[in-house]
Every structure is written in C-alpha cells, then in structure tokens.
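Please bring up the sequence and the structure.

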There are 2 protein chains.
Amino acid sequence: MATTAAAAPGAPASFPDAAASDPAALGWRCGSPPPPERRIRFEDGDHLRFPQWRWSFSHWRELVPTVEVARDAARTSPLPRDEQPDLDAIRFEPLGGGAPVTWSASLAANYTDGIVVLHRGRLIYERYFGALAADGPHIAFSVTKSFFGTLAEALIHAGQLDPSAPVGTLVPELAASAFGAATVSQVLDMTTALDYSEVYDDPASGFWDYARATGLQPRDAGAAAARTTYEFLARLRALGPHGRAFAYRSVNTDVIGWLMSRAAGVPLAELLRDRLWAPLGPEGDAYLQVDADGIPLVAVGLNARLRDLARFGEMLRLEGTLDGRRVLPAAVIATIREGGSREAFAGAGYATLPGWSYRRQWWVSHDAHGSFMGRGIHGQALYVDPRAEMVIARFASHPLASNVHLDPLSLPAYGAVARHLIAHRP
Amino acid sequence: MATTAAAAPGAPASFPDAAASDPAALGWRCGSPPPPERRIRFEDGDHLRFPQWRWSFSHWRELVPTVEVARDAARTSPLPRDEQPDLDAIRFEPLGGGAPVTWSASLAANYTDGIVVLHRGRLIYERYFGALAADGPHIAFSVTKSFFGTLAEALIHAGQLDPSAPVGTLVPELAASAFGAATVSQVLDMTTALDYSEVYDDPASGFWDYARATGLQPRDAGAAAARTTYEFLARLRALGPHGRAFAYRSVNTDVIGWLMSRAAGVPLAELLRDRLWAPLGPEGDAYLQVDADGIPLVAVGLNARLRDLARFGEMLRLEGTLDGRRVLPAAVIATIREGGSREAFAGAGYATLPGWSYRRQWWVSHDAHGSFMGRGIHGQALYVDPRAEMVIARFASHPLASNVHLDPLSLPAYGAVARHLIAHRP
C-alpha cells in the first residue's frame, strides 16, 4: 500500500501511494469538529499539502472565495454512453522505458481523481476515485489557462483585442512593468522574459509571493507584499528581451485576463460564462476562485465537473462546434491547433515534450495525430487527439506539482488508447 | 434622494436612502481592478459596512468560503404566477403611528433587495432591487436559524435528539461551558443564560469576537482569540440560571448545529440538503458559509434564492407538505407554530413584538392569524400567515442591523396585505 510514487523520474524518495493517501479513507475534515489530525485549514496552508490536497482539490470553494460560472439550465449537450471496459487492459511502455504498464494501473500510479475518455463524442470510459464524483467539481489548475487563452483568441478574432499591441498601451497600470513593452501575442504565448521564477517545489520561488497575492495561500500578517493579483503583476520587471523563448509563467495569463476584461468591458466570470461555458451545454455550474478584489484567478482557479471539461475538449476537436451548434469560430481553434514556435519552446527543456510548442495557452504536440493539451499541476489534463477522434479529460492529485513526473505514465497511455481506438474503428 | 432612513425609530441621524445607496449605481467591485473607492475587501471588513453590504449580501460567496447545498435537479415545486400589482397601492399606518404609507413606498424605505408574496401557493407579487435578481442568492442571516431549528425539531420528532438531555452529555466538549447544563430544548428556544452580549451595533459586543471566530469578519493577526465557531462556544460561561428568560444569542444555534451533526452523524450541509432543501423542490442551489474547519455557520450563513425561501415558508403554511408531497411530519410544524413561553419572551423587551414568543428558532406572533416568522438582521424575513394563506419572503440590506428599525414599516405592511387578501378572497 504505502509505497513510493511509481515510475516517477526525479521524484523524491517516497510518498504514500494512491490507496494509502485515499482522502475518503483518511477522513479529511470528518468529525464535528474534525480532530486536529483531520483538519484542513486554509489559514495554516493545509490545503496545499500532500496528502491533504487529495481532498482539497475536490472541495476548493470550502476553502476560498469563489464566483459562480453558471451553466445554461435550458441546454445540456448530450454525452451518449458507450462503455469500453477493455481499455483497462491496454498495455504501454512508460516514457523513458521500463516494464509495460496497463491503462488501469497507470490511473492509480498517477493519483488520478477522475478520468473520462470520449471517442467520436461518446463517453467510452469514466472512473472516479478518492474525493471526486461525477457531479462534483475539481480544481483544473492550469487547464484554466486553456479556457481563457481560447477566449482571448476569440476576442482577437472578433477584433476586440489587437495581438500586436504592446500591453502597456492597453493597460496603462502595466506600462512600467515587465509587460509594458510585450505584445499581447507574446504574453498569450508566454514568450515574455520576466525576472520571476515559477518553481512550484521551491518555497523560495517567486511563485509563492504570487500565491499569497492571489489568495491561493494565506497572506503573511503585516507583510508589505502585494495584496491582489494585479498589484503583483504591476511590480514584475523584465529580464532580457521578450519574444525569443518560451518561459511558462502563470502571471502571463493574469495579464491576458486583465487585457480581456478591459477589451470586453465585462467581468471575467461573465465573459467565460456567456461566450464559452454556457454555450458548451455543460451539466454543472463551474466556479472560479477570486482574489481580494474579486478578480478571478484565470491562470489556475477554474473548478468544474470532469464531463464538462471533456465537453470543452470535444468542442475543440470539432473545430468549434458541439452538438451541431457553433460555439466558437473555426479560425479560433485553427490558430490554437497550428501551435507556436517549436524553436522558442525547445530551449525551455521539457524532457517529456520533445518537438512540442505552446500557443494561446495550449500545449501542442505536432505529432502525426495533431494532438494538443491543456495541462495543470498535479496531473490535470485535457488531451485532444483529432486523428483518433478522442478526448481525454483527467483530474488528479499527484504528490508532485510538475507534470514531468506524470508524463511517463500518461502521455504514452493516451497514445496507446488512441492507437487502440484507431485499430478497432468500426 | 440622499435622505435619512424614513420612520426608523431610534435610527441614527442619517443614511443615504435606498436610491442613493443603490449598489448597481455605486458600482461596487466594478472595474478591472475596482478603483479604491469601489473596493470591497473581506480582509479590510468592507463587506460588513454600509452601503457596501447592499452589494455583498447578494455576493457572499465571492467574499468567504462556502459549501454547496444542492437542489434536486429532478424536482422543482411549481410556483404558478398570478401577479396582483394592486398590492402596490395598499396603505397602512406604521407601527407607533404616523402618516399612512403605501406598500410600494415601504419597500424602498426598508432597503428591500427583493420581496415575494405567495397567496395559496401562487406567486402574486415579486420585485427585485439593487444587486439582487430572481436567479441570484442573498444571505438570509438569521432566517438560517429557522431552517436549522426546523431540522432540529425534525430530529427530535424522529427520536434522534432528546430535547430534555443536558447538552454536556451529548457534546462532551461543551460540558464545562455555559451550555453543559442547559437542555437541548433550552438551547433551541434560546432560554440559556450566557455571559455574552449580542449587540450588533456595538463594536465592543462579544458578538464581534464570535464574528471573527466564525469567519464573518477577518481574524486579528496573532490574536489569541478562538479560531473556529466551536472553539468559541466552548469558552462561553453561564450568567444565571437557564430556562427562565428568552435571550436571543446566535451561539445557541451553533450549539444546535453541533448537537445535530453528532446526532445525525452527517455533515450539516448534507443534513440540510437531504432532509429539507432538496425535498422542497427549490429552483436553485443554496450555499452555507463555512468556518476555518469547514463547519457551516448555521446561525447566519445560508444563501438562497428568494423564491426558494418562499417555498420553505409555504411548506410550513401547509403543515409540512409542498406540491402534494410530505416534506416533514405535521407534528414538527405544529410544535413550531404553537410557539414558546410568552412570559419568558416578554422580559427581553422587544417593543415591536408585544405578546410574541420564540420556539425552535422561529418568532411566533400569537395573533388571530397564527402568524410566525423567521427574522434576520438588516431586514431578512420569512413571514407566514396561515389565516390569510399568505407567505412573504424578503431580503433586504437596511443600514441598521436590528429589525426594531424595520418592523414599523414591515409588520403592519404584512398585516395590511393579509387583510386585503382575506377581503378579496374569491
């Protein structure tokens, strides 16, 4: 039971495995009141500790302020069920080699909280573990970025946002910051050069100042630190020229959010609801964490049901339509799927993503299937494989933040299912 | 426009009136980011300042952590519409005398955010103002108590909670506190004698320590104060004998919540959802604010749509049924409606409620109509008049906390509508 995280290259020595860290078994916040060993208190930072977060990722609103992103009660896109349990037995070789692993075993190895596979729009596989259920939301972390990056491209396509405009001309508060001279497109594709590090596993990383400014973590009492996301953004300084190298920094997405709310003139939660979420015909309402000023955390703060995440992927697979209705212009999706500069991406050194690129807050594989993904820390994933007519949505609560530890057992797993579906196509 | 709160006896000199304090016009949290004069930051306590709270009462989850209380998507109790706009012209004399006022004028005078009148289960009047809409929730404040008091009586009726048991025998953590020797029934009817004051308009009142412990207000940095609701309860001491006098203290309801979660063995949000909220067939999900340990604020923390509050009242009018289905045993409702000790109540000196009593977290008028109410600070109200077959649900954001300032223009207004409905009965 309590063994290490299997096959995670670079992983620290030992974590309780998925069964030993099962949040239901550990009884987080159970009891009235919960005894000290079962407490999860935001103000103590418990929510962002393992194994506590195996519970908190499925209960985010019980920890922080949030704003609703309502579904359209009059419209639910159908998701016909056509279970294919034989997926469980599919075997694949992990990235980097090693003994073959079954799809089924890979789910626990990656601390999966839920996974949904669509094939041609039919729900062929669906499993929930730990604290997650089909009708419950889970935090999407950086898959949130892919929602807002898609929306930003929609605003560009509609002529509401100029991709070549310097950010400082659109948001004067950022003129003196690192972002002032960067173009909208550079921010959107994360090729800005910032004097700021984002290393989740390093408590000294600038990311943790960001976490306190946004409200992901409690603020230090009396600290002179930024109290809101936008205050934090305005203090960042450049380090080198923009536009040359891909450098993944969540703050870029927050700048995009700021640009979008200025351009559209509506709050970001409304923008998401009206132009993307409700048109998808989701089963559930979603919600976004908000900061001290009520500004949504557009880089990490979306919480939604897994099937609804899959619906978003299916709309991208179908080039902007879902259930026979157009949700977004095909050109918006085409821009995302064509990807970004592979050269700019290569220097960032993502060992598990050779030949990939980043465009409009999506990770694009440039493989023969045209696959692309939204990716979030601790294993959140939305994987679209157009050639296999497949969408995989996954929520997880892996003990390590970086996907480099999950990719060896997830990317080849997705590929193996895709090949299986192509081979067994009727 | 910017005149005083009309006809509010004992009201301080001057507040902007409903039009001048309209939250939509003032643009709270509008802008990206909101400029300093439009900020509402929980950590600064802005959410509990007037006129800011005219916005925050309709946006509570955007300020604090909350837990969902889901509706049953398969069941919505019908609320047939039969508008009677002639209610607007009904005139009545305010409590304590003065020039007659129209129903319509009384709504603005009391800073009404929304009001719904049901007659024989038909929606005859419905208005929304300020930051509230029919599909949006509003904080119910102490009308929350009436939900949980009703649930507690249901547990008593089911034999799951002994009304004569001393609290200390059921919740040992409270044995040494003021509540240890009080019976369940005394706590439920608020006849405990506590060394603790609850005066909302006095910053020195013990209530504000409670507000910091529960998370209604930000906690002082480094304070030795209680960090959770239950920690706060355990520290309270008695002042005199229990059972003699009615003394309205929210902490009693939190004790009831603690007792209920122990007795039922499920979290309070689930208890509310499964045994009361979902069976009502509401239109919307509700939610409860939670404290640092995730314990719901059962005294003040329910947020719901106004029509759904009215559905709750209608179920009580119908002695436990709604839409032809039984929600609660008739005996549970009968216990509430028979009221409590008028003698115990009289000493508390509620000038606007002569002859009333308090039972199971409801205010009972003992008038000829058998009227009873749930009442919350700043004008939250659920008024049931069985004789007139009428239910009135109201959300408001009055500048003053105590209902003594609202009653002069609301209680006679409700009575006038009731008489109108009886007189014009088909």
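To begin, where does A:A176 lie in chain A? A:A176 is found in the loop between α5 (167-170) and α6 (184-188) of chain A, where helices are DSSP runs of H or I with at least four residues, strands are runs of E with at least two, and both are numbered from the N terminus. A:A176 is exposed, having 12 other C-beta atoms within 10 Å; by the definition used here, a residue is buried if 20 or more other C-beta atoms lie within 10 Å of its own, exposed if 12 or fewer, and partly exposed in between, with C-beta atoms placed from the backbone. From A:A176 to A:A193, which is 17 residues apart from it along the chain, the C-alpha atoms are separated by 14 Å.

Before going further, a word on conventions. This is a predicted model, in which local features need pLDDT of at least 70 and side-chain atom pairs count only at pLDDT 80 or more, while totals for chains, interfaces and linings use all residues. Residues are numbered from 1 along each chain as its sequence is written, and chains are lettered from A and ligands numbered from 1 in the order in which they are written.

Let me now take chain A as a whole. Chain A has 14 helices and 15 strands, and its C-alpha atoms fill a box of roughly 55 × 55 × 45 Å along the principal axes. For 426 residues, a compact globule would have a radius of gyration near 22 Å, and the 20 Å of chain A agrees with that; the radius is taken over C-alpha atoms, and the globule rule is 2.2 Å times the number of residues to the power 0.38. Buried residues make up 56% of the 426 residues in chain A. Of the contacts in chain A with a separation of 6 or more, 65% are between residues 24 or more positions apart, a contact being two residues whose C-beta atoms, placed from the backbone, lie within 7 Å.

Some backbone details in chain A deserve a careful look. In the loop between α1 (23-26) and α2 (53-56) of chain A we find A:P33, and the peptide bond that joins A:S32 to A:P33 is cis, with omega at about 0°. A:P51 also lies in the loop between α1 and α2, and the bond from A:F50 to A:P51 is cis, with omega near 5°.

Between β11(B) and β12 (362-364) of chain B the antiparallel pairing runs over three bridges, and B:Y358 stands opposite B:W363 in β12(B).

Helix α4 (143-157) of chain B packs at an angle of about 75° on α10 (268-277) of chain B, with their axes 11 Å apart; axes are lines fitted to C-alpha atoms, for helices over the stretch in contact, and angles run from 0 to 180 degrees between N-to-C directions. The two helices are therefore roughly perpendicular to each other, the term for 65 to 115 degrees. In this contact, B:F147, B:T150, B:L151 and B:A154 of α4(B) meet B:L271, B:L272, B:R275 and B:L276 of α10(B).

Finally, how many residues does each chain give to the contact between them? Chain B gives 27 residues and chain A gives 27 residues.

Terms used: Angles under 35 degrees count as roughly parallel, over 145 as roughly antiparallel, 65 to 115 as roughly perpendicular and the rest as oblique. Two strands pair if DSSP finds at least two bridges between them.
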